[in-house]
Amino acid sequence: MKSWWRKAPAAANDERLNAEAGGAERALRRLEWTVIRRLDGLLQGDYRTLMRGTGLDLADLREYQHHDDVRHIDWNVTARLQTPHVRVFTEDREMSAWFVLDLSRSVDFGSGKKAKREISAGFVGVLARLLTRHGNRVGALVYGTDLEAVIPPRSGRRHVLHLLHAMERRADKFEAAPTQKGMTRLADLLKSAATLMPRRSTVFVVSDFLSEPGWERPLGQLVQRHEVIAVRLFDPLELELPDLGLVPLRDAETGEQLWVDTHDAGFRKRFARLAAEREATLRASLARAGVDALELSTSDDLVEAIVRFADMRKRRTRIGSSGVKAVAA
């Protein structure tokens, strides 16, 4: 495992960052003008919708109130007093978020103007900037062919640039290599995440989930300690093939190539059916693990996707609170 994070004098670090991260600076500036400004108005500053932290120290017990988090109900006290009570924690003002980044070769794919890798970088840049602007810290685990970098949580715009530059460097390495050795091992990345994150955090697993099997169990173990959000990247062409005639298809991770006749309606139907089955299996696995999922298509508007996800989490919180209130009544 490699780590490119090194401490350096502030002036030297600034100079190196300016020299190396020109692309990251331009990308972040573009996101700040085109995405973050729009999100500020739509989310109305409610960035905690995307990232909810909890303190670790029990401060008090009180009766349940409408909109309380149902996960804080103390069932022993509730059973003894016959009235729902919740645990009140001291507020953890320094919330931490981690981006678990799958940057394997499969995320280079894109049938339109953008590849999945660009969508990933846009999402990370937007969320990291929104969170660090409020004093929160963000870190990242970067996976290419294995775990290649661990970026400890920090705050500030300069740190966001550092993170985006790490993603850029991973892309540059892949340009020099036609394939990677074997399929993505998402399970290894998730196991490393569980080991390297010492305190409870919000964890964004950003991946297309095209991986060797066996990642579901490590994901479930990660959920036991952290709040985990799956950010699933996909391209519409991975779900349904158009009629393009005879075309070559190449596996980006193994290099295997074959020719397929997309003019064959039967082949296109089988492809769509298998893709739908894979989609259903993936969504069921994430649901069993208790993970919220944000699906990002290469054809999506990033602002609309994030706002849609934030609204979904708000509704889920309201439904959970209403459900407990109904049971208590």
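Visitor: What's the average pLDDT of the protein chain?
Guide: The protein chain averages 80, and 76% of the residues score at least 70. Residues 321-329 also stay under 50, with eleven contacts beyond four places in sequence. Where pLDDT is low, the predicted coordinates should not be read in detail.

Visitor: OK, and how many residues are in the largest nonpolar core?
Guide: That core has 44 residues, and Phe 99, Leu 101, Phe 123, Val 126, Leu 163, Phe 204 and Leu 296 have the most contacts inside it. By a nonpolar core I mean a set of buried Ala, Val, Leu, Ile, Met, Phe, Trp, Tyr and Cys residues joined through side-chain atoms within 4.5 Å, where buried is under 20% relative accessible area, exposed is over 50% and partly exposed is in between, with a 1.4 Å probe and protein chains only.

Visitor: Which helix gives the most to this core?
Guide: Helix 4, residues 116-133, gives the most, with eight residues. Helices (H or I, at least four residues) and strands (E, at least two) are DSSP runs, numbered from the N terminus. Leaving aside residues up to four places away in sequence, Val 126 touches Leu 31, Val 35, Ile 36, Leu 39, Leu 302 and Ile 306.

Visitor: Switching topic: where is Ser 211, and is it buried or exposed?
Guide: Ser 211 sits in the loop between strand 6 (202-207) and helix 7 (216-223), and it counts as buried because its relative accessible area is 14%.

Visitor: And what does its side chain reach?
Guide: The side chain of Ser 211 reaches the backbone oxygen of Thr 184 at 3.0 Å and the backbone nitrogen of Leu 186, also at 3.0 Å. I call these polar contacts: pairs of N or O atoms within 3.5 Å, where within protein one must be able to donate a hydrogen and the other to accept it, and residues adjacent in sequence count only if both atoms are side-chain atoms.

Visitor: What about His 226, buried or exposed?
Guide: His 226 is buried, because its relative accessibility is 3%, and its place is in the loop between helix 7 and strand 7 (227-234). A polar atom of its side chain lies 3.1 Å from the backbone nitrogen of Ser 201.

Visitor: Last one: what caps helix 8?
Guide: Asp 264 caps the N-terminal end of helix 8, with a side-chain oxygen 2.9 Å from the backbone nitrogen of Gly 266. In helix 8 the buried residues are Ala 275, Glu 279, Leu 282, Ser 285 and Leu 286, and what covers them includes helix 7, strand 7 and strand 10 (292-297). Just after helix 8, Gly 290 takes a positive phi of about 75°.

Technical notes. Residues numbered from 1 in each chain as written. Heavy atoms only, no water. Contact = heavy atoms within 4.5 Å. pLDDT = per-residue confidence, 0-100.
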